[in-house]
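Me: I have a structure open on my screen. Can you take me through it with some quick questions and answers?

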Amino acid sequence: MDSKKQTARISRQTWHFAEDVRVQASAVSVGPKEGEGPLASYFDQIHDDVYVGQQTWEDAERKLMENAVTILLQKASIAEKDVDVILAGDLLNQNITTNFTAEKLAIPLMGMYGACSTSMLTLATAAALVNAGYAQKAIAACSSHNATAERQYRYPTEYGGQKPPSAQWTVTGAGAGLVGIGGEGPRITYATMGKVTDMGIKDPFDMGSAMAPAAVSTIHSHFQDTGRTPEDYDLIVTGDLAAVGYPIVKELMRAQGYAMEDMYNDCGLMIYYPEQEVFAGGSGCASSAVVTYSYIMDQLNRGLLKRVLVCATGALLSPISYQQGNSIPCIAHAVAFEGGI
Amino acid sequence: MEYVIAFAVGGLICVIGQLLLDVGKLTPAHVMSTLVVSGVVLDFFGIYDKLIDFAGAGATVPITSFGHSLYHGAISEAQTHGLIGVVTGIFEVTSAGISAAIAFGFLASLVFKPKG
């Protein structure tokens, strides 16, 4: 099919999915704080214990990812053996949540790391594999856990370090989506893969400022490549820029001639109420994954939203890199969804 | 008045720590080390002992007094045992505090589980 070949690659960054690639089902499993947030009614499973009945927080995070995938398979009425590949990632060293979960699931694994942009990195790649025919059904999944992320990137909670107001609260949860051709569910039409940007910010307690330019770069490329404008979308969300990064994106986009006003929101601001003591807002792989795979999919399926752009933002630092004084390189990947077609 | 002075001096030492965190953008570990070393330096110049005479617990409770104690232990052992005393004496005065931290840390970990 020649037309497919012509339209698959729009630019170096943007892919068009010419086939009828859809998110056929999605599921999320979250922790207690997320369950007290404004989107609670959209979540498939809410745990009232941050240990999720496990001995350690790392085990708890694995359980969240395992539960999200298990619920996903139940909702889609398929078994593990019907899925060709799972593309997944998390925030822990060597992607251990993903690796241990995939072993239990016995689905071929492509582990990915894009920090908090992993949600859309995995989903875009899953869509590409399905569109190209390398997989008939692929699962994209990712997870984060507040306590494991604090230990990984900042200080263990037992240490009791102070946090400034620009810090964010890593979302405890996991989200998973099933990607296939045809059937029900929102279509995945475009993906724009981001370039790494580094504006020289070194403070790991101010990820919002660090990541905002990466989001702007990717969203701007998306509009340029597709010829779309913010008005073409009912909702544009960034992954986890929260109260610090959100206004920066608005400002920078306005300066580039794209006014993103009412249709623009941020998953890190959507997942918690401001009075939940989450500093600037939510962060982590699960921020964009949980919001996308619950609320956004629901709204697209019900026709309340027609077109949505999710731009997941990731801070690609490691504890070693910032301790050695390096600044924080950031990335953002965007996926465009369309409902009711 | 004694209490007021202790409160003010102890508070001022903590203000310096908070400024190092918020304005200096130091990590908590760097702030702690800086304050401990400051205690050593101030003691070397004979200032910290005067501060303790003046402010009492306001100067002995903050972490700077740990540096003061390290210095005192090292110097007093050095006077009796020579240079090797600097090494053996450094934890002479502070050993009670360190042992207590380990013991109470262990006991707390038996009883409590972090909530995240």
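This is a predicted model: local features need pLDDT of at least 70, side-chain atom pairs count only at pLDDT 80 or more; totals for chains, interfaces and linings use all residues.

Me: Which radius of gyration does chain A have, and why does it agree with a compact globule?
Reply: For 341 residues, a compact globule would have a radius of gyration near 20 Å. The C-alpha trace of chain A spans about 60 × 50 × 35 Å along its principal axes. The radius of gyration agrees with the globule value, at 18 Å.

Me: What percentage of the residues in chain A are buried?
Reply: A residue counts as buried if 20 or more other C-beta atoms lie within 10 Å of its own. Of the 341 residues in chain A, the buried share is 55%.

Me: What share of the contacts in chain A with a separation of 6 or more comes from residues 24 or more positions apart?
Reply: Take the contacts in chain A with a separation of 6 or more. Residues 24 or more positions apart account for 79%.

Me: Why are α3(A) and α4(A) oblique to each other?
Reply: Helix α3 covers residues 57-76 of chain A and helix α4 covers residues 96-105. Their axes come within 9 Å and cross at roughly 50°. Angles under 35 degrees count as roughly parallel and 65 to 115 as roughly perpendicular, so this crossing falls in the remaining class. The two helices are therefore oblique.

Me: Is the crossing of α3(A) and α4(A) left-handed or right-handed, and which classes of residue make the contact?
Reply: The crossing is right-handed. From α3(A), the contact residues include A:M65 and A:V69, and from α4(A) they include A:F100 and A:K104. By class, the contact has five nonpolar, two polar and five charged residues.

Me: Is A:P164 buried, exposed or partly exposed?
Reply: A:P164 lies in the loop between α6 (146-153) and β7 (169-170) of chain A. Around A:P164 there are 13 other C-beta atoms within 10 Å. Buried needs 20 or more and exposed needs 12 or fewer, so the count falls in between. A:P164 is partly exposed.

Me: Which residue of chain B does A:P164 touch?
Reply: Leave aside residues up to four places away in sequence. A:P164 then touches A:F205 in its own chain. Its partner in chain B is B:D22.

Me: Which classes of residue does chain B bring to its contact with chain A?
Reply: Seven residues of chain B are in contact with 10 residues of chain A. The chain B side has three nonpolar, one polar and three charged residues.

Key. Residues are numbered from 1 along each chain as its sequence is written. Chains are lettered from A and ligands numbered from 1 in the order in which they are written. Two residues are in contact if their C-beta atoms, placed from the backbone, lie within 7 Å. Ala, Val, Leu, Ile, Met, Phe, Trp, Tyr, Cys and Pro count as nonpolar, Asp, Glu, Lys and Arg as charged, and the others, Gly among them, as polar. Helices (H or I, at least four residues) and strands (E, at least two) are DSSP runs, numbered from the N terminus. The radius of gyration is taken over C-alpha atoms; the globule rule is 2.2 Å times the number of residues to the power 0.38. Axes are lines fitted to C-alpha atoms, for helices over the stretch in contact, and angles run from 0 to 180 degrees between N-to-C directions. Angles under 35 degrees count as roughly parallel, over 145 as roughly antiparallel, 65 to 115 as roughly perpendicular and the rest as oblique. A crossing is left-handed if the near helix is turned anticlockwise from the far one by less than a right angle, and right-handed if clockwise.
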